[in-house]
Structures are given as structure tokens and as C-alpha cells.
Amino acid sequence: MASRYSIFSLLRESLRGHRGWTPAWRDPEPRPAYDFIVVGGGGHGLATAYYLAKNHGARNVAVLEKGYIGGGNVGRNTTIIRSNYLMPGNIPFYEHSLKLWEGLEQDINYNAMISQRGVLNLFHNDSQRDQCVRRGNAMHLHGVDGELLNREQVRKLLPMADFDNARFPIMGGLMQRRGGTVRHDAVAWGFARAADSLGVDIIQNCEVIGIRQDDNGVMGVETTRGFIASRRIGMACAGNTSRVASLAGLRLPIESHLLQAFVSEGLKPLVPCVITFGAGHFYISQSDKGGLVFGGSIDMYNSYAQRGNLPVVEEVCEEGVALFPCLSRVRMLRSWGGIMDMSMDGSPIIDRTAVDGLYLNAGWCYGGFKATPASGWCFAHLLATDQPHDVARAYRLDRFATGRLIDENGSGAHPNRH
Amino acid sequence: MRIPCPHCGPRTHEEFTYYGDATVRRPSSSSPDAVAAFYDYVYTRDNPFGLHRELWFHQGGCHEWLVVERDTRNHAIKGAVPARDVFKAGESK
Amino acid sequence: MSSRLAQGGMINRQQACRFAFDGAEYSGYAGDSLASALLANDVRLIGRSFKYHRPRGILSAGPEEPNALVELRSGARREPNTRATDVELYDGLQATSQNRWPSLRFDVQAINGLFSPLFVAGFYYKTFMWPASFWEKVYEPMIRRAAGLGRAALEADPDHYEKSWAHCDVLVIGAGPAGLAAALTAARTGARVILADENFALGGRCLAERRTIDGQPAADWAAQAIAELRSLPDVRLFPRTTVFGVFDDGVYGAVERVNDHLPVPPEFQPRQRVWRFIAKQTVLASGSIERPLVFGNNDLPGVMLAGAVRTYVNRYAVLPGRRAVIFTDNDDGWNTAADLVAAGGQVAAIVDSREPVIVSELSRRFPEIQAIAGEVTGARGGRHVESVEVTSRSGTSRRLDCDLVAMSGGWSPTLHLTSHKGNRPRWDEERSIFVPDMLPAGMRVAGAANGDMTLGEALVTGFRQGLTAAAACGFSGSMPTLPRVTDESTRRVPLWRVRQASGKCFVDFQNDVTADDVELTAHEGYRSIEHLKRYTTLGMATDQGKTSNVTGIALLAQQRSMSIAATGTTTFRPPYTPVAMGALAGHHRGMDFRPTRYAPSHRWASELGASFTESGPWLRAEWFPGPGESAWFAPTCREVKAVRSAVGLCDVSTLGKIDVQGPDALKLIERLYANNFATLAVGRARYGIMLREDGFMFDDGTAARLAENRYLITTTTSHAVQVYQHMHLCHQALWPELDVQFVSVTDQWAQFAIAGPRSRELLQRVLDPQIDLSNQAFPFMAAGEVRLRNGEPARLFRISFSGELAYEIAVPGHDGDSLIRALHAAGQDLGVVPYGLEALNVLRVEKGHVVGSELNGQTTAHDLGIGRMLSTQKDFIGSVLGRRANLIDPARPRLVGIRTVDRNAKLAGGMHFIPQGAKCSIEHDQGHVTSVCYSPILEQWIGLGLLTRGPERHGEKVMVVDPLRGAEALVEVCSPVFIDPEGARLRG
């Protein structure tokens, strides 16, 4: 059993050279069979396993990870959490997620540095303002917080923004104060530790290379560490969803695309909250460590390469400097890339598949991180009960066929435009 | 990335607009299963881990749609041909 | 007292540079780095570490520096976290220490060091959780203030940046011995060569070592090589240029520090320039970086890398200490002892961790130096090293007084650029180094970057790789005679950490990650190398682990009893060294962030005092204030009334225009538009809607049939490019058999709307008088070519967005300015007014026309009340999926008009519909208000909206709510056409 984390245990350990800490999670050998298998040891997979154990009493659960846990998008994102969505199918889900974030650290006894510093979406013209108002009102109707800031209020918050020489002057912003940032790696580790303590087997370096089926549906998975049987298998494989699903003969409304992200050198506090720039696609926040964490659009072409090219790097810096001209002399320290499971309407899928017992959690585009707890919560519910959770009812796989799409920005069936 | 445009030579990919999978074919609108066929055509993708044939438009050049063959694992481009040549030939995937 | 040697070095003693650090004035020479100048002035304490705020000095002499970070310059030009080792000294330089308060010497946060038993790796994940509300209020602000390093400037950067491209056959990265050799052999074949080096002086280690090449000092050989390269026509030398990233297909990102060696860039000169080098072949000759040794208090100022000590002594003529102890696990460390002695320094001892037999053998070659086979277990001192504890292999300990510790843990190849495309380096167990394995296409590696550590090897591999790279580009040459160099020995027995150390043993200096942290992390189950990095932050500082990564990997491997090869590395990512965001942004900032497109009437509108607004890339007039009018309201109302009562002029050139020609033009148009065009006669235009293939609305516009096989179609301003690309896709990929051609002519034509009951009268005055504009000759939706009064050709369309009798006239773009002036002048007595976007919007809302707020990509034709236009007789884009039941469901939110019940009430876009008396919550949400305006004709606020079952609810009263701003209003649902629903006026 893992040691409980608190200031007291930390003090105690500091007096004896920290020799008493137990590993945060075990490193078990896979058993021959499990009640539930979750494929993918990222944030969503680990959260799913945790809630399967915690909410549904499942004790015989395995998470299979082809590399190391937290090595995918949960460790590569820009750490933003928010529930400032527009579409009816999305708001309740993301609000559920935000509420889970709010109590997560005490629940899993791991400080993920959840920081509700606020998320501010800037708008630059009348039509963007109207869209922000439409969205803010949709949030209010759902009981979700949101405030409309005028230009002067934004200026007070962001005195270093360009108000005097901007090509697209800032007109105001929609602020969600409960939004913010989270220490992303800690989410994976915290869920892993909490799941492990409830008996979940987290099996790293175990790649799924086949999905075995019989007349009753799914039977188990072939892995690099042998066959593991289970009648309930959930896929939470983010950018690799199509690859894993193809093992079961499924073809999905998903393309894998590359998103780059960036961090600056460490700086004393400069950017007070999460800010999105409306005259392009740019978002920025500052980590507790002092680095500015920022990003922009995906690289636009299908990719599994986890690294991008210069045009997006330059575009993102252009937008950063256009928004905050003082960033010009701030240096970009590192860039990286993650593979996004871009769906055809920009919204996720948490649903059954055509194969009985095989479930799908995918299509998170580049919004998956903020969804982590609710995604795990709802996917666990689906795996345990075979029924969609109330707040994830809209995330059906058949909506692409029926036309009940959840297209937040109206881009249509072009994954790279969402 | 540099795309070898058959008309303009190797050009940086910023000059191009990406569209996506070039292997899907628009079904007949009059067939009885047209809705299902169009669903597949519009929404589902192989999304291969490896060679991908994809459409790019040379917006900053010759205004030609190209079918580019590119490896999604490492972005290595095998070649590019005008889309009209591919589609005129009635070539299927 | 100065530590500057009386002679030697690559500095210009004739050119003194005065500079300031933390307000104190010092002097150095041109050719100094800030670090060498500080050392020459005996300034040893430069900064404070990230977590424990420990005093830190200068560790290295290059881009790997983790400690000596300063804020360079001041005010709007302040550059935090600048490595003193990389800064080229200039007269007037100002630098300030950072991450300390109140001063560098007395930093109160150094108290963190006392809590270091608590502040181990990942401690923050285990605490600060109670009470939950304290995180944002107490803990986090405290952590944030303490964290971070330097302070960013708060003002806009006054300097400029450029971007440029350069193509070459062979790109050589690094101008040390290997790079120079490669550039020479490649350039001599006639290949186009680019040679880039991050330093301000080309030559690399040739400048830092007391070595000879063909009997002459290595620096002289380098100078000759550079002179020869300069003399060749197809060689470009880029000093001060860091190649920071490798991208696909031979694209290399580089940043040239054009004017960073001056206080302020000269007028019209950029500060920095980002290059994209496009190379057919590349020779990477980026050298190597020395590893520190891990012993107690190895971070004290005065503890330096042994190779850096040689750089300071030989290149900068600075003695970094009077009395040195050398600590090494390899032969190369002994060279530092020799160089220090040669420069007149004192070497207390050289401590070599290897077998005594090796030490005695080396000792015979350096008889003047006391050698100890053993380990330095700890350094002592307050803000500077004063002594070290040494334990010999036989177990005896002693203290040696010294003010400099030169340590060498061997050299790691600088192979970052080989890995940017995802290739992992390979562990070479024999040499205890990572070496490049798989390389990006077209790249080869020479010299120390490839593990070929000696000068002789660097020259040979450099010459060879330069030649092979040129050969791969089709150029041939031959190997030169190899120059004579003396042998070197690079033997090493790796010492990853001193076990019996006293004091903290740092692995990552800047982030204060110790060897104990690495071991604790592995013990807690974070066993992947990535977990180590992320849990401890090892390698995440501004140096990205250049001096710490390999040691961290080795320690993790030891802890896990695994091989280093199996432990693997973290990922090398661009940029190699941090790059200013301004350099990557280039000119695209401020008003030049994006291009600005001006409508043809822009100058005329400016002269009339128009207020402009952004409309995508365009700048468009939003209203034309009259005398005494200030804000938008009065001019907009006046303009609307003028259009409804007399005549108005509006520039509509921004709409996309596409000229479609060919025998199959109609076929293509029929398949693009959802409504019927087969019946459109020559000389007529028709409103058309395009769907996406998924059945949702894509765009709308008009298509005019100019001739049997020629159409001119218009698109919305915002979708002009998308529609054009879509048409090409349809033509080239879907129906390549169609014999049709088309081209965008958006910029070729200026187009103006002339709208209002007196528009015909006005138009007549500028057209050839022969032209008959009567309803019979030129009815509503007529289109054709006409002539202006001056004989120039024009196109005329009788189309109306305002609902009035209206025309749009188009002339070649360059004639737009004169035409709008002519129209304006000719209509004065008719009461002509120019009108802008605001009035245009009011006019179209009054008429119920949809624009971007309704065509938002989420709506169907059915939603917008134009579903009946969809042809059932033909195949068109969207025809199949547009028929899906959910897209034509009457329960969807559909277009309606709304008018306030209270005539004084106001409306706002983005309000939501709620049934009267219902609670303001999501169960009762029935859609939203898309567009609103104050109608000066109806004298009240009206709007358009998408309301659930809207068309069935005309006459019903519903609430529109804006809980975001605490507003609401009762509105009556009505037809979206408020004015002239019969269309009599536009046919008038």
C-alpha cells in the first residue's frame, strides 16, 4: 500500500533521508485475465481505471501501456482546464470535468497543482464579441461561471498586451475564473498511484498488437507480453486510436494530427491567467515554475511523428508577439509535438463499438487534457454498465451518420480545421 | 517539409493547403445505399500509420491539386502528382 | 586584482570595453565574452540557483552554461536568463544578476537551502494539499514568486527582426577543426557551402587549446582556413549563427545574432535574423560538451569544467584561479593542469579517480604536478570555493586549499541536431558516450560530435565528410594531405558520482537536482528516463541538460541495475539553444502582424473621414461620420435612411469573384450549387447556395451568366479562398473530365453597390447614355457588360442586398477610385451618401438576408429558410447527406425575425431564447440571436435568430436573455423579412 502524502509524512521522511517512501505504483506482471482492460496508460486510461475501481468496485482491472505511463498527450499538452464550451452536448461534460478537477487532489492524495487562475478568451471585433456572448450565455444557462470583460478591464489585467499598435485591437474578453492550469504529469502519476492503491495493475512496456474476438464479441488482447483475456476492453489511445481500432477491423471518423507546443525560459510572474488570442490561434499561460507555456494550431497534415515543422513555430511566435510585444525578447526554450485524435466534428466519442465488449474513448482533438477526469469517469461508467453516462450522452459514434454533430466551430468534416 | 510540385519544383509546404485522404472516392448519389456510402466517404478514414496518399493544393503556386504520397511516421515524401491525372485515370485506391 | 594574463589570448588589448555588472563598473577587451571579462575582473559570484538559491559562478565557456545567467541590457531591451558565457562583450554593456533578493550576495531565499531535506525531488506533489483553498491563495503565489529566473521586459521590444532563406549544397554546422576541414574540402570542389557557428569567432576549440597543426598554432591554421573559405565565391560564412533545429526535407532553422554585439542595432538594421537554410547535404561538426563530476558542493563558484578553464586561459588570457585542484576521470583533465602551469598558475594537485597505475603513468608525463589517485569528496567555501576534501584510493583524506576546481567527467558529443527528427543516439559502452546512430537524410557527422574526440580525428573526419557531402551533390574533389598533429589520449573510466561525498552533489545545476534526487525518484517507481526528467526536472532548465543529461541517465541506470543503453535518453527537441520569440516572429508584429488588404475605394473613404474596421484581412469602412456626428449610431441611421429614401454607395469589392469559362461551365456550376442554374439565361444572375458535402451550408453568392459558356460567380468575403480551392478540388479531383477553366478575379475588379430608389438615376449619369436601364431592358437580376460615359468597359448587375432598387457596377480594379469619385460627385443633388458596413448590416437585417453569423458552419439551408431551394433533380455537393433526417428536422433552431415588444428595449447578438415565464436555465434554451440592429426605419431594435421550430412560431412572444450581462427583453417572433416582403422595391 502506498504511503499517504501529507506535510507530516514529508517531514517524517525528511528526517530519515526519504528512505521510507514506497513506490508510487507497483510494476506487476500481467495476469492471464482481467474483468476490464484499459488500453492506453495516458491520463484518460488511468482515470478510467481509477474510477472503475473507485466508482464501480472493479478490482480486477489492468491498464496496458505500450511505453511508459503519462508518455502521450497527458505529458505533452499546455495544461489548460476549462468548461467554457458552446454546444449543449459539451458543456455538461466539461463542467463535470471541471468539478472533478476541483476536488481531485484530495480525492487521489496527490498535488497536481490545480490552479484556477482563470481562462480569458479575447475578442477583437463585433462578430467575435457576439460569439463570446452566445457562448457565455450558454455557459450561464448551464450554471457555469463566465464574465464578459471590456477593453479597460482586459487592459488592467494584461497591461503588457498590445492596445495601441495592434493589427487586430483587443475589444474585450470572456473570462472563466474557474478555468486554469494543472501540472499535467502529476495527473497521470496521481491517477496511477490512486488506481494502483485500489488494486489496478498498471502494466508498462506492454503493447497491444492484436484484438481477439469470437461470436460473443471481444475475448482479449494479444500483447508484446502475451495474450491477456478480458470481455470488457476500453480503448483510450488518443493519437493511436485508429491503429488500435484497426486491430478489431474498425474504421473510425478520426485522423491523427500533430500539435506542437512550446515553453519559454523560466521567468518571474508575467502572465496572470490562461489567455487565448482571438485574432489567430494562440494560447498562453505561465507555469508555477515560471515558463510560459504556449501553443497554436496543429500542423495541418496527418502525422504520427510527434514532431513538427517551422511554419507553425513561426506563426505561433508571431501571434505571441502580436498579443504581447514584450515577449519578443523572451526566448523559446523547447518545442515538442503530440498526436491528436482529431474527430470529424471536433468533439469526442465515448461509446460502444460494432464489436461487443470493445469500447471507444477517442476524438479528443486537442482538448483532451481538460477532459481527463470526466472522460475517465464516463468511460468507466460505460465499461461497467454498458450504458452511456448522462453527461456523455451526446458523444455517440453514430452521430456522424445521423448528423447529430457537435461542431463547436462549424468547420465541418475537416479534422484539421477544428 | 518540401513538396515536390510537378509544376513548380520543390516548394515549402506553407505554400500549400492540406485537404486530406486522397484515396476516398465520391460515391454515386443515386445508388440505393448512397447515404451509407457518403457517410463513409465524408467521415471515416484509414488514418494509416505509414504511407498516406493525400491531397494538397498549391495555393501559393500553380493552383494545382496534388496527390502527395507521404509517410505519416516520419513525413518522408515519396512523390507528388497532379490530382487530375490520378482521378482522370479512374484509379482506385 | 586582475586575473588577466599579461599576454596571449584572442582578445584585442587595444580596444577596451567598459561594462557594468550589478551596477559596478569593470573593463574588459574586445574579443572577451561577458564571462571571461567578469573572471578577469575577479567577479566569481554571478547568479543564484533555481530552487535553493545557492550562490553560483561560471561553470563553462559556452552554450551549456547552467549557472552564469544574467539580465542583459535594461528597460524594453532587457533579456533575462542570458548566458554570460555566450555574450560577446561590447563597450557599454550592462548586466544584472537575477533570481535574488535583495542582492546577489545576500539573498534571503537562500534560506531554502536549510529546508533542502524537505525540498527533495517531487516534494510538492506530496504536500500543499490542505486546505484545498490555500493553493491559489497562499502556496502558489509564494512558489511563483520564488520560482522563475529573470524578469521579462514589460514594454514592447523596440528592435526589429528579419527572416531569410538561403540554399546551399553543403551546410556545415560548427566551425571548429572538423567543421573548417569539412567546409574546405566541400568548398574546394565548387559546391555551394554555408558554414555556420554559434560563436562570434570561428575556430571552435582551435581557439581554446594549445595545440599545433603542421607545426603552427591551431588558431593560425583556423585563420588560414577561414581566409581560404572567404576567398571562394560560393561559400558563405555565418559567425554568431546558431543552427537551432532540423526539420523535414533538409530545412534547418538558424538564428543569426546580427547586432547583439552592439548596445543598440544600427538604424534600419535588425537585431537578429532567422534563417531557413535549405541544404542538400549537411556536415554536423558541433563538437562536444564536457561533463561535470558529481561530488559534494560541486556547484560552488570556482568549480569549473576543466576544458572551460583552458578556454579562459588560452583564448581569453584569463586565469580563473590562482591555485587550482584538477579533478578528472580521464586523460584530458591533465591538459588543463599543464595549461594552467604554462600560464603561470599554480596547481595544488590533480586528483584522478582511476587506477593508481594510470595515474602514475600520467604523472610521469607531468612531473611538476602533484597527482593523487583518489576523489574529491567535497568542496568547501561560502560564496566561493576555498578548499576541497580529497580522499585517496588508499583511504587517506586531506584538505587542499584552492580557489579553483577544474573538473572533467569526459566529453559528450553535441549530437542534438542528429536527433531532432526523432532518431535516438546509441550508447557506446567502450567510450562511455552517446554517439549518433540513425541520421536525418543528407546529414553526416564529423569530429567530436561523432565521438572522434582528438584533433587529428576531427581533421580527418572533417575533410572526409566534407568531400563525401559534396560528392553527394555531384561535386568531386580529393582528400588533402593530412596535416601533422600530435597524439592525444582520451582514455576515461567513468566516475558517475563520488559515493562518499560530503555536501550536496549536483547533477543538474540550474534546477538544483542532486544525485540523491535521482536515486529517490527511481526508488519511488518513476523508472523511465522520461519520468526521471519530469519528476525531478533534470534537464528542463534553460540549458536543457547539456551538462547533466548523460550523468542523470547513468545514475538512473545504476540505481535500476540496468545498462545505460537500455535506459535510453530523453528526446532532443528544437531549439538547440533558446531562441527569441521576436526573431521567430520576424516582421509579423504590431500593424504588420498580418497583411492588410485595402478596398479600391479606401483612399476616397479615408478622405471622407470614414471609420474603418477589420473584416478578415480587409480593412473596410464601417461608417462615414457627417458633420457633428460622433459614434456609429447617428451616421449609420442616416446612411440607412438615405439608402431607403434616395441613394447610397458602398464598396463591395471584397466579395470573392471567380470567372468560370468553358463548354462544361454550367455542368460544374450545377454541381457546386444546391439550387438550379440550368434555367439561367445569358444576361441574368441568380442567388445560389453551396453546401459542404456533409450537407451543411457552406457559402452563398450570385452567379451571373455573362455568355453561353461564361459565368461570373461571387462568394462571401470570408469564404473567397475556400470556395476557390473547393472549386478546384471538385474540378481536378472529382470531375477532371469537365472542360472548364476558372480563375479568381477578386482583386481584378472593383465593385460598388448603388442602392436606393434613385440609384437608376445616378447610374445613368455615369454610364454611356445609350444604355437603357429601364425595367424592360435591364430588369431585376439582369447582368451584362456596359460602357461608362468615358467609354471604359464595366459590368453591371442588378442585384440588391438592401432590398432597394439597386445595382452593382464593376470596373477594373485600378479604375475603382475614379469611378467611386465620379458616382459620388454625380449624385450630390440626388442626396447620394456613402454607406459603410454598419449600414449594410442594418439594411440586410431589415431584409432578412443571412451573413456569417447565420452561415456559421452549424446551420443547414433548411435552418435558414432556404431549404426549398435545394434541387431534387440533380446531384450536387451535399445533396445526399443534406437530406438526412436530422438536418431537416423542424425542431432544429431555425431562422426567424424578432422585434422588441417594448419599442425602447435593446437587443444584443448572442442572447438566447427562453419561453416566456420559463426559468433561465438550459432545459429552456431554444436557440440564440444571431444578428441585431436598430432599424431607423422601424424605429426599434430588431434582429434575426435561430429559434427552435422558429417558422412555426411567428407572432409568439419569447424572452431573449443575456445572463452574462444581466439583460433580457421580450420579443415578438416574426418573419425575418421586415421591409418590403413582397419585393416590390427592388423590382421598382
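Guide: Happy to! One term before we start: contact here means heavy atoms within 4.5 Å. Please also keep in mind that this is a predicted model.

Where they meet, 29 residues of domain 1 of chain A are in contact with 32 residues of domain 2 of chain A. The area buried between these domains comes to about 2700 Å², with carbon and sulfur atoms giving 60% of it. On the domain 1 side, Arg76(A), Leu86(A) and Tyr366(A) supply 25% of the area buried against domain 2, more than any other three residues.

Now for the polar side of the picture. The count between the two domains is 2 salt bridges, and 12 residue pairs across the interface are in polar contact. As for which elements of domain 1 touch domain 2, strand E3 (80–81), helix H3 (91–108) and helix H7 (241–246) of chain A each give two or more residues. H3(A) gives the most, with 6 residues. Sorted by class, the side of domain 1 of chain A that touches domain 2 has 15 nonpolar, 9 polar and 5 charged residues.

To finish with a pair you can find in the viewer, Glu95(A) forms a salt bridge with Arg178(A), their closest N and O atoms being 2.9 Å apart.

How values were computed: Residues numbered from 1 in each chain as written. Chains lettered and ligands numbered in written order. Predicted model: local features only at pLDDT ≥ 70, side-chain atom pairs only at ≥ 80, totals over all residues. Heavy atoms only, no water. Buried area = accessible area lost by both parts, 1.4 Å probe. Salt bridge = Lys/Arg side-chain N within 4 Å of Asp/Glu carboxyl O. Polar contact = N/O pair within 3.5 Å; in protein donor to acceptor, adjacent residues only side chain to side chain. Helix = DSSP H or I, 4+ residues; strand = E, 2+ residues; numbered from the N terminus. Nonpolar A, V, L, I, M, F, W, Y, C, P; charged D, E, K, R; others polar.
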